[in-house]
Amino acid sequence: MKETLEKLWNEYLLDDCAEIDTDGERDLTKKTAELHEKVNALLNNEQEEAVRKYVDALRGLEAIFVKKAFLKGCEFSVSFLLEAGNLGK
């Protein structure tokens, strides 16, 4: 089952979940870009590179946690449905 969930995540959901399709997401994306410009204006090249690496590491960690939450949620859903199906027995 885990292999199927990995395939679902990698081939379908990852792209769909990354779409910016609400006003809130667009506003936050715009704000993030503006803050990025402000921060870069305050930093020298070495500092900018350090911040970029830090942000990349945070994004990587967040991606791991989001995928883990997806997989755990799917596993819970299946377990819950199987258990609910056995209640009348």
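Phe70 is placed in helix H3, where helices (H or I, at least four residues) and strands (E, at least two) are DSSP runs numbered from the N terminus. The model is a predicted one, in which local features need pLDDT of at least 70 and side-chain atom pairs count only at pLDDT 80 or more, while totals for chains, interfaces and linings use all residues. Residues are numbered from 1 along each chain as its sequence is written, and side-chain values use heavy atoms, with hydrogens and water left out.

At 17% relative accessibility, Phe70 counts as buried; the classes are buried under 20% relative accessible area, exposed over 50% and partly exposed in between, with a 1.4 Å probe and protein chains only. Lys53 stands 17 residues from Phe70 in sequence, and their C-alpha atoms are 26 Å apart in space.

The chain as a whole has three helices and zero strands, and its elements run α-α-α from the N terminus on. Its C-alpha atoms fill a box of roughly 65 × 30 × 20 Å along the principal axes. Of the 89 residues, 8% count as buried. The chain exposes about 7800 Å², of which carbon and sulfur atoms supply 60%; such areas come from the Shrake-Rupley method with a 1.4 Å probe, and for residues only the protein chains shown count as cover.

Phe65, which lies in helix H3 (residues 45–85), makes a nonpolar surface patch of about 310 Å² together with Leu61 and Ile64. Patches are made of residues with over 30% relative accessible area and no salt bridge, joining like charges within 9 Å and nonpolar side chains (Val, Leu, Ile, Met, Phe, Trp, Tyr) within 5 Å.

Charges come next. The chain has 13 positive and 19 negative side chains, and the centres of the two sets lie 4 Å apart. Lys and Arg count as positive and Asp and Glu as negative, without His and the chain ends; each charge is placed at NZ of Lys, CZ of Arg, CG of Asp or CD of Glu. Side chains of opposite charge can pair when their charged atoms come close. The structure holds four salt bridges, a salt bridge being a side-chain nitrogen of Lys or Arg within 4 Å of a carboxyl oxygen of Asp or Glu.

One of these joins Lys67 to Glu6, with the closest N and O atoms 2.6 Å apart. Lys67 belongs to helix H3 and Glu6 to helix H1 (residues 2–17), so this pair ties together parts that are 61 residues apart in sequence. Lys67 is partly exposed at 22% relative accessible area, and Glu6 is partly exposed at 23%.

Within helix H2 (residues 23–42), Arg26 and Asp23 lie three residues apart, about one turn of the helix. Their salt bridge has its closest N and O atoms at 3.2 Å. Arg26 is partly exposed at 40%, whereas Asp23 counts as exposed at 55%.

In helix H3, Asp56 and Arg52 lie four residues apart, about one turn of the helix, and their side chains meet in a salt bridge of 2.6 Å, N to O. Asp56 is partly exposed at 34%, as is Arg52 at 41%. Salt bridges with shared partners join Glu49, Arg52 and Asp56 into one network.
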